[in-house]
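Please work through each task with the structure at hand before reading its solution.

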Amino acid sequence: MTIPTDPETGEFKRAPNRFTARITADGADGWPAEAGRYRLVVSRACPWASRALIVRRLMGLEEALSVAIADPIQDERSWRFTLDPGGRDPVLGIEFLGEAYRAADPDYDGGISVPAIVDIPSGKLVTNDYPQITLDLDTQWGAHYRDGAPDLYPEALRDEIDEINRAVHRDVNAGVYEAGFATKQSAYDDAYRRLFARLDELSERLAGQRYLVGDTITEADIRLFTTLVRFDAVYHGHFKCNRNKLTEMPVLWAYARDLFQTPGFGDTVDFDHIKRHYYQVHEQVNPTRIVPNGPDLSGWAQPHGRADLGGRPFGDGTPPGPPPPDEVVPPQW
């Protein structure tokens with residue numbers, strides 16, 4: 001995997017999302033939210049894709065929006081479906097996600113990213129716009145939500161959620177990558193500083209409240225969780241984000257365990273996929289491709305004590321049921 005960095009500054013440069021059509025209730029972009037029409041392609045290794053998996057579970061969209069799980073190890077041809085019989089996705093009939101990108105644009109030669117939503121009848125990629133994908137799953141698929149689905153993006157709190165999301169994306173979600181992929185000391189130093197300054201600020205905020213915004217789980221919690229759950233397994237060592245481990249930051253560690261133990265969060269996390277992807281794909285960072293045996297994961301099951309802060313995880317809704325049998329993650333420890 002070639003990591004794009006600025007040769008002068010040594011800063012990691014993430015490519016913009018090229019396909020940004022929206023799937024909405026009214027179909028304004030030509031893509032109406034229809035049950036059975038689309039396939040969500042994810043890697044359980046990817047934090048951006050994990051957001052979509054969590055929202056899909058919380059909203060009960062499993063029957064309306066099917067999912068394809070890519071192999072955590074990519075090759076030069078993009079995310080591949082080698083976990084499926086014959087190495088092909090059984091619904092889309094393709095071996096590599098890149099085929100759906102090229103079906104949408106035969107001249108496309110950019111990066112192939114997840115999450116991606118593909119139109120099943122045409123085989124064309126609809127969107128790889130990961131920030132908008134979850135917001136639309138939160139708000140545009142109402143006809144297909146389960147009974148008791150939570151409101152993950154309540155209108156009265158959207159400005160505050162958006163503000164938190166911008167800061168968390170800049171300094172935490174993207175910050176760990178900017179530290180890990182930096183090729184010059186100054187670029188790494190800047191990302192490292194911003195990351196831990198923001199984590200300290202979030203710790204202060206969460207010391208007195210159970211969730212980031214309001215008293216229920218929102219989109220903001222989902223976006224922070226997917227970085228925190230990977231922190232000790234990959235970001236602390238592999239990406240040199242090593243001032244503290246998550247387990248050494250008491251408030252954030254308890255907050256992350258609280259979410260992990262909430263239905264829809266931990267049951268979508270696959271630490272094996274996470275570790276194998278980061279350590280084996282990022283050869284510029286880890287040339288030996290050795291996957292470490294640690295850390296000990298059993299702490300994720302330990303009591304967190306966060307319920308004492310109050311809060312209602314699902315608001316007026318209810319927890320999701322267990323995942324479908326074919327989506328159950330193997331035991332983690």
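**Exercise 1.** Determine which residues of α1 meet which residues of α3, and classify the contact.

*Solution.* Step 1: with contact taken as heavy atoms within 4.5 Å, W48, R51, A52, V55 and M59 of α1 meet Y130, P131, I133, T134, L137 and D138 of α3. Step 2: these residues divide into eight nonpolar, one polar and two charged; Ala, Val, Leu, Ile, Met, Phe, Trp, Tyr, Cys and Pro count as nonpolar, Asp, Glu, Lys and Arg as charged, and the others, Gly among them, as polar.

The model is predicted: local features need pLDDT of at least 70 and side-chain atom pairs pLDDT 80 or more, while totals for chains, interfaces and linings use all residues. Residues are numbered from 1 along each chain as its sequence is written, and side-chain values use heavy atoms, leaving out hydrogens and water.

**Exercise 2.** Describe how α1 and α3 are oriented.

*Solution.* Step 1: helices (H or I, at least four residues) and strands (E, at least two) are DSSP runs, numbered from the N terminus; α1 covers residues 47–59 and α3 residues 130–139. Step 2: their axes lie 9 Å apart at an angle of about 5°, where axes are lines fitted to C-alpha atoms, for helices over the stretch in contact, and angles run from 0 to 180 degrees between N-to-C directions. Step 3: α1 is therefore roughly parallel to α3 (under 35 degrees; over 145 is roughly antiparallel, 65 to 115 roughly perpendicular and the rest oblique).

**Exercise 3.** Carry out the analysis for α6 and α8.

*Solution.* Step 1: α6 (residues 185–206) and α8 (residues 250–260) pack at about 70°, with axes 8 Å apart. Step 2: this makes α6 roughly perpendicular to α8. Step 3: L199, L202, S203 and L206 in α6 meet V251, L252 and Y255 in α8. Step 4: the contact comprises six nonpolar, one polar and no charged residues.
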